[in-house]
Each structure stands twice: as structure tokens, then as C-alpha cells.
Amino acid sequence: TEVGEVFQYEVESPITVARQRSAMIPILSANITGRRVSIYSLNDGRPNPMRGVELVNESDLQLLPGPISVFDGAAYAGDAQIGHIAKGDKRLLAYSVDLDVDVITKPQATSTVTRLKIVDGMIVQTIANTSTVSYAFANKDAKRGRTVIIEQPRMDGWTLTEPKKPLE
């Protein structure tokens, strides 16, 4: 339940812990829907994307940071760490390497002098730098298609030209 700006959890059935003993108590054991994805970030330096899930917290509880177990249907898929996820929030959660998908990247950079002028006897030039990255993915799993999310970091001092706005 929410209490002002914070929240509290109530355990449904009483739990007894003997003196000088400890126990781990699951405070949330519920199904949380998600979309299966593969997540690729060039900064990771891996030849494969990460297996992941795009999840939305549709439960009535705040999800606190900590460990989470991921199940794909009834099968255990992996473990991950989550940050705080409020009710209704959406997050990407990576839990294992997707060895069935190979990635080929092709970065390209060009520089073009766009203006030259002489100011007080000095040559001042303006240069436009363009950086592009092409991605190619090969899925070796013929039974299951993939939705790939590419994480492209923002570069300080650079302006995104294509597409005009990032997708997310």
C-alpha cells in the first residue's frame, strides 16, 4: 500500500522466524507481462545481443531494486537485477546472452570542410563530421523470430539528423 511518498508491503500469511535465525520472504510473487526481445549495445563489445524482456509493472506494487528470476513460460530463463520500477512503468531487463543471434556492425565517419574564412590573418575552417553505424543481424534460431532493440548512445556535442527523432 502507498503511505504518503513511500509504500509498505503486507505479507498475506503469518511467518514465524525462530530466534537467531533468518529467512527470505518473497514480498511479490506474481506474473508480470513482458515482451521477449534481444537488446544490442555497441558499447558492450559483444558479438551477440543480450536476451531480455521489455516489462511493464502492471501489479499494484512498487518493484524495489534487487534480484529477479525470469521465466519463459514454465522454463527458467535466467536471473537479473532490477532497479526501482513504479506501478505502470516500463523497463528493459537483460538476463542472458542471446547466442542464436550474430551481429555485424559497420561504423563510418566522414569529415567535410563546410566553410573557410580569413579572420585577422588566420584561416578559420568549419568542419561537419558525420558518423553512421549500420547493423546487420543473423538469427540462427529458425523456430523463433527476434525483436531486436538497438541501444545507440547519445554523443555529446552531436546532433541526430536521421531519423529526425529517436524512436524511444
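Biologist: In which loop does Q20 have its place?

Modeller: Q20 is in the loop between β2 (6–7) and β3 (34–41); helices (H or I, at least four residues) and strands (E, at least two) are DSSP runs, numbered from the N terminus. The model is predicted, so local features need pLDDT of at least 70 and side-chain atom pairs pLDDT 80 or more, while totals for chains, interfaces and linings use all residues. Residues are numbered from 1 along each chain as its sequence is written, and side-chain values use heavy atoms, without hydrogens and water.

Biologist: What is the phi value of Q20, and is the residue buried or exposed?

Modeller: Phi of Q20 is near 60°, a positive value in a residue other than glycine. Q20 is exposed, at 73% relative accessible area (buried is under 20%, exposed over 50%, partly exposed in between, with a 1.4 Å probe and protein chains only). D120 also has a positive phi, near 50°, and is not glycine either. D120 belongs to the loop between β8 (101–119) and β9, and is exposed at 79%.

Biologist: How is a pair of aromatic rings described?

Modeller: The description uses the distance of the centres and the angle of the planes. Rings of Phe, Tyr and Trp (its six-membered ring) pair if their centres lie within 6.5 Å; planes under 30 degrees apart are stacked, over 60 edge-to-face, and the rest tilted. The count by this rule is four aromatic pairs. One of them, F71 with Y76, is edge-to-face, with 5.9 Å centre to centre and 75° between the planes. F71 is exposed at 51%, whereas Y76 is partly exposed at 49%. The pair of Y135 and F137 is stacked because the ring centres are 6.4 Å apart and the planes are at 10°. Y135 is partly exposed at 21%, and F137 is partly exposed at 32%. Ring pairs also link Y40, Y135 and F137 into a cluster.

Biologist: How much space lies in the largest pocket?

Modeller: On a 1 Å grid over the protein atoms alone, a pocket is an open set of points with protein on both sides within 12 Å along at least five of seven lines, whereas a cavity is a set where a 1.4 Å probe fits but cannot get out; lining residues have an atom within 4 Å of a point. Points are joined across faces, edges and corners, and a volume is the space filled by probe spheres set on them. The largest pocket holds about 1200 Å³ of space. Its lining has 27 residues, and the closest to its centre are Q152, L160, E162, P163 and P166. β7 (90–97), β9 (122–139) and β10 (148–151) each supply at least two lining residues; β9 gives the most, with six.

Biologist: Which residues make up the largest nonpolar core?

Modeller: A nonpolar core is a set of buried Ala, Val, Leu, Ile, Met, Phe, Trp, Tyr and Cys residues joined through side-chain atoms within 4.5 Å. The largest has nine residues: V53, L55, L63, V70, A80, I82, I85, L93 and Y95. β4 (50–56), β6 (75–82) and β7 each give two or more residues to this core. Beyond four places in sequence, L55 touches residues including I32, I85 and L93 (contact means heavy atoms within 4.5 Å).

Biologist: Is R51 buried or exposed?

Modeller: R51, in strand β4, is buried at 8% relative accessible area. Leaving aside neighbours within four places in sequence, R51 is in contact with residues among them R36, L93, Y95, D98, R144 and R146.
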